[in-house]
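Here are some friendly notes to read alongside the structure.

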Amino acid sequence: MLAAFEKLEKILRLEETHGYRDRAVIGGFDTFVRVWQEEALGQGPEETQVRLIDEIVDLLAGYGNADHRRRVEVINDILSRLSSEIEPATGPRRPSPYKPGSPAAKAVEVQMPPPQKPGSAATPAAAPPPPPPEPAPAKERTSSGLDAPVTTLPGVSTAYSARLERLGIQTVRDMIYHFPHRYDDYSQLKPINRLEYGDETTVIGTIWETRTHKTRSGSAIVTSVIADASGTIEAVWFNQPYLTRQLRAGRRIVLSGKVDEYLGRLRLQSPSWEPLEKELIHTGRMVPVYPLTRGVSSRWMRRLIKRVLDHWVPLLDDYLPDPVREREQLLELPAAIQQIHFPESKQTRDEARRRLSFDEFFFIQLGMLQHRLSWQSQEAAPIELDSGLLSAFLESLSFELTDAQKRSLETILGDLSEPIPMSRLLQGDVGSGKTVVAAAAMLMAVAAGKQAALMAPTEILAEQHYRTVSELLANAEGLGLGRPVSVELLTGSLGRVDRRKVYTALASGEADIVVGTHALIQRHVAFDDLALVVVDEQHRFGVLQRGALRSKGGAPHMLVMSATPIPRSLALTVYGDLEISVIDELPPGREPIETRWLLPRERERAYSFLRSQIEKGRQAFILYPLIEESDKVEARAAVDEYERLQSKVFPELTLGLLHGRMKAKEKDSVMERFRAGEIDILISTSVIEVGIDVPNATVMLIEGADRFGLAQLHQFRGRVGRGAYRSYCLLLSDSVSPEDPKTRTTWERLRAIEETQDGFVLAEKDLELRGPGDFFGVRQSGLPALRLASLSNLQILEQARGEALKIFEEDPALTGAEHQPLAEQVERFWQGQGDLS
């Protein structure tokens, strides 16, 4: 260890005994650290030691102004780093990123024989050194070390580990897979005399001078003059007085940042910088910018990840089979990890992203295929088709099924007749007629002596389904069933006595069909013979909720429905374990809903249009993004606007209010009055997104339309246009522009909803604009978090699916020796995700 390190360790220990009061050295650490840095650099440190010296100086900067908690963290951090700084005994060795003595350090440490004195190797009497213990296999060492907690890393105190945990980082593996969310491209090096205003660039130069001055408010401004062979430029930093001691005259440094202008002269404002002699990680390259949290700086995170990568990347095993990697021309895993963090160029970064995105899609596909195999290996009760009853039911309807409805029903009934449990997604646009298809399937289950359940996400939707299914099957006895169909409703607001009656009817088999909310999955609910489960708007349910309902009947057939059209990429991932049926046509005679995007100044014009429709006997919705006003969000709220509209805008009309905080009975009362025509305009929040069916409503006015996604806006629009009257959707939003980067996405979204009625086109656009994180179904679906893969990249997804199918055909359980690393990684990827259906 350098003498300077030993000296510093003693001083830091003294500071501990003094209670971190900055009294261990005369003048405090702010004065001492500058003298110590020059002393340490004068002792001929190695490159890694120079790096450690700079890190210590950075940590001690501003120590005198830090609070007690921060001082404790700094001292502990530096002592931890010093304890790992041991001179190599024999030759160079990659520095371990682990604290000595920690389990992770022991897991990866290979014991070296003790050094011999000069000449002793040639002395015959010298005893040979004892043989080192046999090291653990590389794979075991790598695995155990990667799963070690981050506190085993030098510089990561308990306080820092708590901060990292907020970012989802608990282990060394998490640190390696904490990818940058963007990059600052400082790879373009320019001489000073060629710099231009606005350049994002890198400069190499020598510091001529550095000075500090205080503003009237007491803030410190540090200014350095940097020179190269072509000229000079000023660099300025704010509120970092400690930089005066680091930016010494004569020091060669690298600066990266944006060229600004002040009083007619170019300057670099708050640039990143580091000494020229160091390996550049903050400047002069494509610099990674990581997701951060309070108390974790960019430089600290970057340095820590670089140290971890330097040690671990060469030890990583590539779990992807060689034939797959070669066929798809993918980087090896160590290269991909290195290049995604610290890319040599944009091309290598893109190659790394492609490899790691492929991996994520590959794991998803293998997991989905294994899940489908597991589910289909169970035995379900086949439901025989009663063709006579089915024909009579379809003929009794007041409308004829569309060709798409007929195709979907035929496929579903075919699945139900098999001893393999059905797992099918029925998707169709708003108003395409999915419920009648589901009702026909449930009728077949009842005719076979079985039970069916339909689960909806909200009480309003459950109650509507209950009414619809009851009406559709009301004449089943006369159609050939020979008895009436017993349909029950089970929701959270049902009284205790009524709820027990439903429980008894389900358990005894007296109830044929039950329609309900999450109340269906409560432990008290038991079925006599549940054979078919229908889940509507299934993206609104969590994995555990859907699985809990299915578990009520052993291996029942499962039909899930969605009114939000699903892009192909989501169909292959979120719903990859389901067969898919699509109702891609609307009933005949359904007119498109005229959609107009209005600016705030046109609000009165919109109100006048609503009034004119109501005068014709129609009804309208006005929808708001919030229930009550918020100081943090500038958006109109339903409660306040209801009062204003009723008293000042539409005093002669009857208005109703509907939002999620109302009790179930209150909501039911409002909806019944609206359906009965007693309410002219319904003021609501997004609680009406699904399930409201009022044929007389012809206008949907959406306030704050810029605050909703395309899929939601399309659902809102679908609440009108359900009758024989021409309908309209009016979108009100603040001014947005395609020229403004902050509102460009919003502009594209509103323009898309105005121009097209096709839900499938809008779904693809929504996924493109908002990304998988905000698109429906991803957060609730049970799909593991995607770190790099984008569901809009269908090409990589298709490639990964193709390769997954090849491996699955050869080795479905991944039990082959060559697939063991892959099996472990797939299991780790899906860990804790549970049932996916």
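**Notes on pockets and helix packing**

1. Let's begin with the second largest pocket, where helix α17 is the top contributor to the lining, giving 7 residues. Please keep in mind that this is a predicted model. The second largest pocket holds about 1100 Å³ of space. Two elements, α16 and α17 (459-472), each give two or more residues to its lining.

2. Residues 434-447 form α16, which packs against α15 (residues 403-416) at an angle of about 30 degrees, and the two axes are 10 Å apart. Angles under 35 degrees count as roughly parallel, and α15 and α16 are therefore described that way. The crossing of α15 past α16 is right-handed.

3. What do the two helices use to touch each other? From α15 come Gln-405, Leu-409, Ile-412, Leu-413 and Leu-416, and they meet Val-436, Val-437, Ala-440, Ala-441 and Met-444 of α16. By class, that contact has 9 nonpolar residues, 1 polar residue and no charged ones.

4. Now for a second pair, α25 (residues 710-717) and α26 (residues 744-755). These helices pack at an angle of about 35 degrees, with 10 Å between their axes, and their crossing is right-handed. On the α25 side the contact is made by Leu-710, Leu-713, His-714 and Arg-717, and on the α26 side by Arg-749, Leu-750, Ala-752 and Ile-753. The residues of this contact divide into 5 nonpolar, 1 polar and 2 charged.

5. If you want to locate the largest cavity by its secondary structure, look for helix α3 (47-60) and strand β7 (272-275), each of which supplies at least two lining residues. The classes in that lining are 6 charged, 3 nonpolar and 2 polar.

Definitions and conventions. Residues numbered from 1 in each chain as written. Predicted model: local features only at pLDDT ≥ 70, side-chain atom pairs only at ≥ 80, totals over all residues. Heavy atoms only, no water. Axes fitted to C-alpha atoms, helices over the stretch in contact; angles between N-to-C directions. Helix = DSSP H or I, 4+ residues; strand = E, 2+ residues; numbered from the N terminus. Parallel < 35°, antiparallel > 145°, perpendicular 65-115°, else oblique. Left-handed = near helix turned anticlockwise from the far one by under 90°. Contact = heavy atoms within 4.5 Å. Nonpolar A, V, L, I, M, F, W, Y, C, P; charged D, E, K, R; others polar. 1 Å grid on protein atoms, 1.4 Å probe; cavity = no way out; pocket = protein on both sides within 12 Å on 5 of 7 lines; lining within 4 Å. Points joined across faces, edges and corners; volume = space filled by probe spheres on them.
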